[in-house]
Amino acid sequence: MASTPVGRPRTRIHVVSDVHGNARDLARAGDGADALICLGDLVLFLDYADHARGIFPDLFGVENADRIVELRTARRFEEARAFGARLWAGIGTDRAAAIEKAVRRQYAEMFAAFPEPTYATYGNVDMPTLWPECAGPGTTVLDGERVEIGGRVFGFVGGGLRTPMRTPYEISDEEYAAKIEAVGEVDVLCTHIPPEVPELVYDTVARRFERGSLALLDAIRHTRPRYALFGHVHQPLVRRMRVGATECVNVGHFAGSGRPWVLEW
């Protein structure tokens, strides 16, 4: 990192991603920092490490959570969707309304834990339509936008690309690329998903390649930000590597570690 000129105070930023319901540690994530950055995935729908946690087991029980994890892990997505559809049919309620109610409860806890100031963008499991009513005055939500923090320009692009999982905030490659283009040249490029680099998108525990963005990779190569920060892949093959002049960093699975990644200059 560049040295700080004499007399100029240092800036310290803490960065988290994939919070997935960990409000306890989130409340301390900004301690000692000038600002907190959150790269999304606040919602915990289903914890693949502990099947008793999340919206799904709350509604359908741990045994059914075990089964749907088994199907998804085996990449039997059509069977998983059919199994889920049968569960929803049996619960006798509107699926969208039930999910939205549960997500609102989680968001109330998550946004209350954010320190001031927090800069946040959406993850692929988030519901952007609910953020305006949940975010307090100390939280700035950015998506395809830029902000200056401590004399450096940060760009934010939220969401994920379309997959067989069909999580709530998946968008087309074209829409995602347009947001990347809107951000333009920045010092630090903040996204939920990684650039499409095999070492960065492969999850060693799930044993599969997650979706990264080619548009993001192209932007990194051409605009050369100091850092590209992201999450999404919980157990990546490589957490940190250079792409040209840019340090690409997976800031970590905050739900599991409870520790923010630190950027200081």
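This is a predicted model: local features need pLDDT of at least 70, side-chain atom pairs count only at pLDDT 80 or more; totals for chains, interfaces and linings use all residues.

Visitor: How many helices and strands are in the protein?
Guide: The protein has ten helices and 15 strands, where helices (H or I, at least four residues) and strands (E, at least two) are DSSP runs numbered from the N terminus.

Visitor: And what share of the residues counts as buried?
Guide: Of the 265 residues, 51% count as buried, meaning under 20% relative accessible area with a 1.4 Å probe and protein chains only (exposed is over 50%, partly exposed in between).

Visitor: Switching to helices, how do α3 and α4 pack?
Guide: The axes of α3 (residues 62-73) and α4 (residues 77-91) come within 8 Å and cross at roughly 160°; axes are lines fitted to C-alpha atoms, for helices over the stretch in contact, and angles run from 0 to 180 degrees between N-to-C directions. The two helices are therefore roughly antiparallel, a label for angles over 145 degrees, while under 35 counts as roughly parallel, 65 to 115 as roughly perpendicular and the rest as oblique.

Visitor: Which residues make that contact?
Guide: On α3 they are N64, R67, I68, L71 and R72, and on α4 they are F77, E79, A80, F83, G84 and L87, with contact meaning heavy atoms within 4.5 Å. By class they divide into six nonpolar, two polar and three charged; Ala, Val, Leu, Ile, Met, Phe, Trp, Tyr, Cys and Pro count as nonpolar, Asp, Glu, Lys and Arg as charged, and the others, Gly among them, as polar.

Visitor: What about α7 and α9, at what angle do they pack?
Guide: Helix α7 (residues 173-183) and helix α9 (residues 214-223) pack at about 20°, their axes 9 Å apart, which makes α7 roughly parallel to α9. Y176, A177 and I180 of α7 meet A215, L216 and A219 of α9, a contact with six nonpolar, no polar and no charged residues.

Visitor: Last one: is T139 buried or exposed?
Guide: T139, found in strand β4 (residues 139-141), counts as buried at 11% relative accessibility. Leaving aside neighbours within four places in sequence, T139 is in contact with F111, F114, T118 and A120.

Methods
Residues are numbered from 1 along each chain as its sequence is written. Side-chain values use heavy atoms; hydrogens and water are left out.
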